[in-house]
Amino acid sequence: MDRIRIRGGHRLSGEIPISGAKNAALKLMAASILTAEPLILANVPRLADVRAMAELLMSFGVAIQMNLSPHLGEGDTMRLEAKEITSAFASYDMVRKMRASFQVLGPLLARRGEAKVSLPGGCAIGARPVELHLSALQQMGARVDLVDGYVVATAPGGLKGAEIVFPFVSVGATETAMMAASLAKGVTRIVNAAREPEIADLGRCLIAMGAKISGLGSSEIVVEGVERLHGASHRVMPDRIEAGTYAIATAIAGGEVELVGATHETIASLLSLLAKSGADVTDTPRGLKVAMNGSRPRPSDVTTAPYPGFPTDLQAQIMALMTVAEGTSVIREKIFENRFMHVPELARMGADVRIDGDTATVRGVTKLKGAPVMATDLRASVSLVLAGLAAEGETMVGRVYHLDRGFDRLEEKLSRVGADISRVPE
Ligand code: EPZ
């Protein structure tokens, strides 16, 4: 399997185009199930997870055409047409490999009145149960049985509107409820909804398809069901986690990079922290610019939280930065119970991190040292790449497929701004 080799110590300079958001694109693709007419998505990122979702949708009978852009900054275009849903079955193999596959459950049930989708099981970052998704669908009138590890859901008479009060915030469950409610009879009120920008992006696409949704971006979303949805065109929002990752890359390596297409407000919690750590962050007409003069970052305490709090998907990356800070930082992970898998690998590069439950205490060191490392999820993997940019000598990051799942042409983007990074076939 390929590895990524980084030789540290190079300042970054230039511009990086930000791709479409993985976690928006995957749900937008699933939304194509809700209509028999074509859904055209622009700015689709080139990722293994996008290809996996396309394969799953094709197994349901969705016809998919891709138009690959020759330019890194443009994003691909995807046309999805679910004229007829010929199967409503998502296997264990599929959902285990990519949890976002579970998001087809709501749309399949709403369009076809039945679905059989594997329970995802645990994953590298935690147990990640799905009871909130299931109870939302049950409250909308679905019958849900768990049979041999599968969710078997039916709604022969269709789904009906309901008042769904989530006991805690879940991105995926909010999306399941919103998609299913779009085709339900009557009004659905989703209380304590997640406010992540990817949910608003999905909502805007559903509205373009004829859905009646209000309250996007707030913690109460109201959906008035319609009889059918129609085709639409939608541009996938820029990936805030990718933008945040390259902002941190610039801070850790030093230099000045413009993140073209990045939107400040979607990563405001990170940018204010980077500014406190000593980076200059400025908005530009095309995105934003991050500059760091090469001095060590100041330490900062971070606690992950649902949006607009600090994203769990940037926790590993900010930890990489704090490993070289001038002082001690405390990082608390409040969303997933097992999301410190990068810590032992960072330690192999000389980082000083102690974990106690959900809290990591990071004592900054003057220099990291390159080492062979690997990680078990994509954000953890990219944190090792960031550490490699700052480390002395060579870092080899194994299990590159994690990076390919969620970072669009990472080596190309980083080498364009002067990083010494390449893919080494094994
Ligand atoms: C989404 O996962 C993202 N994935 C994750 O990104 C992201 O880390 C997460 O939201 C939080 O922002 C996609 O969008 C594909 P949740 P999701 O439901 O929807 C618990 C990445 O690296 N929970 O908001 O699965 C759950 O276990 C990935 O791109 C229940 O207990 O996250 C977690 O502790 C990783 N029961 C918390 O809630 C449920 O029924 C938040 O999960 C649902 C969730």
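Predicted model: local features only at pLDDT ≥ 70, side-chain atom pairs only at ≥ 80, totals over all residues.

User: Which residue of β13 is the bridge partner of Val191?

Analyst: Strand β11 (residues 187–191) and strand β13 (residues 220–224) run antiparallel and are joined by five bridges. For Val191, the bridge partner in β13 is Glu220.

User: How far apart are the end C-alpha atoms of helix α2, and what span should its 12 residues have?

Analyst: Helix α2 runs over residues 48–59, and Asp49, Val50, Ala52, Met53, Ala54, Leu56 and Leu57 are buried within it. After the helix comes Gly61, with a positive phi near 105°. At 1.5 Å a residue, the 12 residues of α2 should span 16 Å, which agrees with the separation of its end C-alpha atoms, 17 Å.

User: In the hairpin of β8 and β9, which residue takes a positive phi, and near what value?

Analyst: Strand β8 (residues 143–147) pairs with β9 in the antiparallel sense over five bridges, and Val144 stands opposite Ala153 in β9. On strand β7 (residues 114–118), which also pairs with strand β9 (residues 150–154) in the antiparallel sense over five bridges, Val117 has Val151 as its bridge partner. Two residues lie between the strands of the β8 and β9 hairpin, and the positive phi there is that of Asp148, near 50°.

User: Is Thr395 buried or exposed, and what is its relative accessible area?

Analyst: Thr395 is found in strand β23, residues 394–397. Leaving aside its neighbours within four places in sequence, Thr395 is in contact with Ile4, Arg5, Ile6, Met349, Gly370, Ala371, Val373, Leu384 and Gly388. Since buried means under 20% relative accessible area, Thr395 counts as buried, because its value is 0%.

User: Which element gives the most to the lining of the second largest pocket?

Analyst: The second largest pocket holds about 280 Å³ of space and is lined by 17 residues, with Ile252, Ala253, Gly294, Lys367 and Ala390 lying nearest its centre. Two or more residues of this lining come from each of α8 (240–253) and α12 (378–390). With three residues, the element that gives the most is α8.

User: Which elements give two or more residues to the lining of the largest cavity?

Analyst: The structure holds one cavity of 30 Å³ or more, and the volume of the largest cavity is about 30 Å³. Its lining consists of Thr312, Gln315, Ala316, Arg339, His342, Asp377, Arg379 and Ala380. The elements that give two or more residues to this lining are α10 (315–322) and α12.

Conventions. Residues numbered from 1 in each chain as written. Heavy atoms only, no water. Pairing = 2+ DSSP bridges. Helix = DSSP H or I, 4+ residues; strand = E, 2+ residues; numbered from the N terminus. Expected span 1.5 Å × (residues − 1). Buried < 20%, exposed > 50% of the residue type's maximum accessible area, 1.4 Å probe, protein only. 1 Å grid on protein atoms, 1.4 Å probe; cavity = no way out; pocket = protein on both sides within 12 Å on 5 of 7 lines; lining within 4 Å. Points joined across faces, edges and corners; volume = space filled by probe spheres on them. Contact = heavy atoms within 4.5 Å.
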